[in-house]
Amino acid sequence: MRIIINGQQAFGKACLEAILDKGLDEVVCVYTAPDQEGRPNDPIKTAALEAKIEVRQPDNFKDENIIEELRSWNADLMILAYVTIFVPEQAREIPGLGTICFHPSLLPIHRGPSSINWPIIWGAKKTGLTIFWPDDGLDEGDVLLQKEVEITTDDTLGSVYFNKIFPLGIKAILEAVELIKGGNAPRMRQDDSLATYESWCRKENAEIDWQRSALEVYNLIRGCNPQPGAWTTFSDKVIEIFDVELTEGNGRVGRVCAIDAESLTINAGLGGIKIKRLRLGKGPKVDAAEFIMEHGLKVGDRFGVKSKKA
């Protein structure tokens, strides 16, 4: 098939490379977001240029010139492999076999831009990915295929995405392409009665309330690691917390109850959070041992509560 790939960042690049490596289809053009001043080229743009593939970077897909250009590729299929610019129906229907899209959740649940963070934060045991035929709704459209992944108690946003959803998503894209070529691609209607939507998981959502149960705090930290970074305060400074363990606590919430050579433990409700890696303000991430030494941390020191804003 003649394929247009519309994508960004590492996932878009990996999708392009997987199709090129398989060598069964022709990528006729790569579309990606416009360059940002002072920042390097998007990885998919660099990979496409190295492979001598045409690259286009429109800031919208409604312009008639862009529509005509899309038609000029005589494509069979367009793949949306992580996009931030809306692609309307008029553009999606130009390829002869339509357009498919990747989304990192088991649609119709977790529609929206932070669809990996929220299941972890809320303590879900599984999530997954969907390849679907998008319409003009947000993450709406018939499902082509889905893949489930387990969320273990040690998983973080980073491990679920990079170790599980990312590689499985590339395989799913290749599987979807073969189903489409064979004329066997499903179109399963999403059950809107089961749909959920969550917006961005931002800094204001990532503040730690030490009065919540230790399990809830633990899940919040995991679901925000590495972005946006769960945070609290110490001496009126913002502290982002990353690598942690769920453990026992002893004493008032928000207080340091234990310190050892590699960690500090802060009390939360019904337990404690053993912290191994953190970051002060906009500085580098550091091991807990370094933080303890630099700040003379001692048992009984207090970290912020929910009412205290950065």
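This is a predicted model: local features need pLDDT of at least 70, side-chain atom pairs count only at pLDDT 80 or more; totals for chains, interfaces and linings use all residues.
Residues are numbered from 1 along each chain as its sequence is written, and side-chain values use heavy atoms, with hydrogens and water left out.

**Stop 1: helices H1 and H6**

Select residues 9-22 for H1 and 157-181 for H6. Helices (H or I, at least four residues) and strands (E, at least two) are DSSP runs, numbered from the N terminus. The axes of H1 and H6 come within 10 Å and cross at roughly 45°, which makes H1 oblique to H6. Axes here are lines fitted to C-alpha atoms, for helices over the stretch in contact, and angles run from 0 to 180 degrees between N-to-C directions. Angles under 35 degrees count as roughly parallel, over 145 as roughly antiparallel, 65 to 115 as roughly perpendicular, and the rest as oblique.

Now show the side chains. On the H1 side the contact (heavy atoms within 4.5 Å) includes Phe11, Cys15, Ile19 and Lys22; on the H6 side, look for Tyr161, Phe166, Ile173 and Glu178, among others. By class, 11 residues of this contact are nonpolar, 1 is polar and 2 are charged. For these classes, Ala, Val, Leu, Ile, Met, Phe, Trp, Tyr, Cys and Pro count as nonpolar, Asp, Glu, Lys and Arg as charged, and the others, Gly among them, as polar.

**Stop 2**

Lysine 22 lies in H1 and glutamate 178 in H6, so the pair ties together parts that are 156 residues apart in sequence. A salt bridge is a side-chain nitrogen of Lys or Arg within 4 Å of a carboxyl oxygen of Asp or Glu; by this rule the count comes to 21. Both partners are partly exposed, lysine 22 at 39% relative accessibility and glutamate 178 at 30%.

**Stop 3: helix H2**

Next, select residues 43-50, which make up H2. H1 and H2 pack at about 25° with their axes 7 Å apart, and are therefore roughly parallel to each other. Leu16 and Glu17 are among the H1 residues that meet H2, where Pro43 and Ile44 are among the partners.

**Stop 4**

Glutamate 54 and arginine 56 meet at 2.9 Å, N to O. Glutamate 54 is partly exposed at 40%, and so is arginine 56 at 23%.

Move on to glutamate 148 and lysine 126, whose side chains meet in a salt bridge of 3.0 Å. Glutamate 148 is in strand S7 (residues 141-150) and lysine 126 in strand S6 (residues 126-134), 22 residues apart. Glutamate 148 is exposed at 52%, whereas lysine 126 is partly exposed at 46%.

**Stop 5: arginine 302**

Finish at arginine 302, in the segment after helix H8 (288-295). What does arginine 302 touch, not counting residues up to four places away in sequence? Select Thr233, Phe234, Gly254 and Arg255 to see these contacts. The C-alpha atoms of arginine 302 and valine 256 are separated by 6.3 Å, with the two residues 46 apart along the chain. Arginine 302 is partly exposed, at 45%.

Methods. Buried means under 20% relative accessible area, exposed over 50%, partly exposed in between (1.4 Å probe, protein chains only).
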